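This briefing covers aromatic pairs, strand pairing and the surroundings of a few selected residues. The sequence and structure come first.

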Amino acid sequence: ADYYYTQVPNTAANKRDLDQSVFRTNARVRFDARTQTDWGLLRSFFELQAEAKAGTSTFTVRQAFLQFGGLTAGFAWSPYAFYDPNYGTPFFAPYFGEQGRRNLISYTAQFDKAFATLSIEDNRDHRAGAKFGNDDGVSPACGRGCPGGSQVPDIVGVLGYDDNKSGWGRVQVMGALHQNRSDLQRYGDKW
């Protein structure tokens, strides 16, 4: 449980009607089953979250994935979410933080303390409200070119070195290819 105070902007309509003091309660249940096989570790992981805040309750699947050796498939943290998946930062958004969980298939190869990961991720999960061009009067929902449908998945690559267990820490270099595509033909596709 926690408490937080939100500052309402001076320009907000009906400012006196908005709650600024909020209590919130979270509960999480995790199911983590692991079995060692002749070909490596087989793991199934499922995490549910319940949250009660300001008179509303929500139930969310936070993670649900299978792992077999270096292969991960399901709804899991993107390998791009390096620093700490529990605390977000707008610098890496939308790949990092609470928004860092994605539908994905990824493979991680271990080389002693070094590792390399290649991940194919759902393109729709990485949209950050991109707009294209000027107000065209045709797209009333967003005023100008809204994000269009995806044609290809996102591709995330990671190279890293992990010495957390006996040394100084971890370092990682990562990159992602993401297609930005407008719903309006004239803006084309961007990578």
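In which strand does G40 lie? G40 lies in strand β3, where helices (H or I, at least four residues) and strands (E, at least two) are DSSP runs numbered from the N terminus. This is a predicted model, in which local features need pLDDT of at least 70 and side-chain atom pairs count only at pLDDT 80 or more, while totals for chains, interfaces and linings use all residues. Residues are numbered from 1 along each chain as its sequence is written, and side-chain values use heavy atoms, with hydrogens and water left out.

**G40**
- G40 is buried, at a relative accessible area of 16%; buried means under 20%, exposed over 50%, and partly exposed in between (1.4 Å probe, protein chains only).
- Apart from residues up to four places away in sequence, G40 touches T35 and F68, contact meaning heavy atoms within 4.5 Å.
- The C-alpha atoms of G40 and F68 are 6.6 Å apart in space, and the two residues are 28 apart in sequence.

**Aromatic rings**
- There are two aromatic pairs in the structure. Rings of Phe, Tyr and Trp (its six-membered ring) pair if their centres lie within 6.5 Å; planes under 30 degrees apart count as stacked, over 60 as edge-to-face and the rest as tilted.
- The pair F31 and F46 is tilted, because the ring centres are 6.4 Å apart and the planes stand at 35°.
- F31 belongs to strand β2 (residues 21–37) and F46 to strand β3 (residues 40–53), so this pair ties together parts that are 15 residues apart in sequence.
- F31 is partly exposed at 49% relative accessibility, and F46 is partly exposed at 32%.
- The pair F45 and F65 is stacked, because its ring centres are 5.3 Å apart and its planes are at 25°.
- F45 lies in strand β3 and F65 in strand β4 (residues 56–68), so the parts tied together here are 20 residues apart in sequence.
- F45 and F65 are both buried.
- R101 lies over the face of W77, at 5.1 Å from the ring centre. A charge sits over a ring if NZ of Lys or CZ of Arg is within 6 Å of the ring centre and within 35 degrees of the ring normal.

- Strand β7 (residues 114–121) pairs with β8 in the antiparallel sense over eight bridges; two strands pair if DSSP finds at least two bridges between them.
- T117 has V158 in β8 as its bridge partner.
- β8 and β9 also run antiparallel and are joined by eight bridges.
- Opposite Y161 stands V171 in β9.

**G157**
- G157 lies in strand β8 (residues 154–162) and is partly exposed, with a relative accessible area of 27%.
- Not counting residues up to four places away in sequence, G157 touches T117, V173, M174 and G175.
- G157 and G175 are 18 residues apart in sequence and 5.4 Å apart, C-alpha to C-alpha.

**D163**
- D163 is placed in the loop between β8 and β9 (170–177), and D163 is buried, at a relative accessible area of 8%.
- The side chains of D163 and K113 are joined by a polar contact of 2.6 Å. A polar contact is a pair of N or O atoms within 3.5 Å; within protein, one must be able to donate a hydrogen and the other to accept it, and residues adjacent in sequence count only if both atoms are side-chain atoms.
- Beyond its neighbours within four places in sequence, D163 is in contact with K113, W168 and G169.
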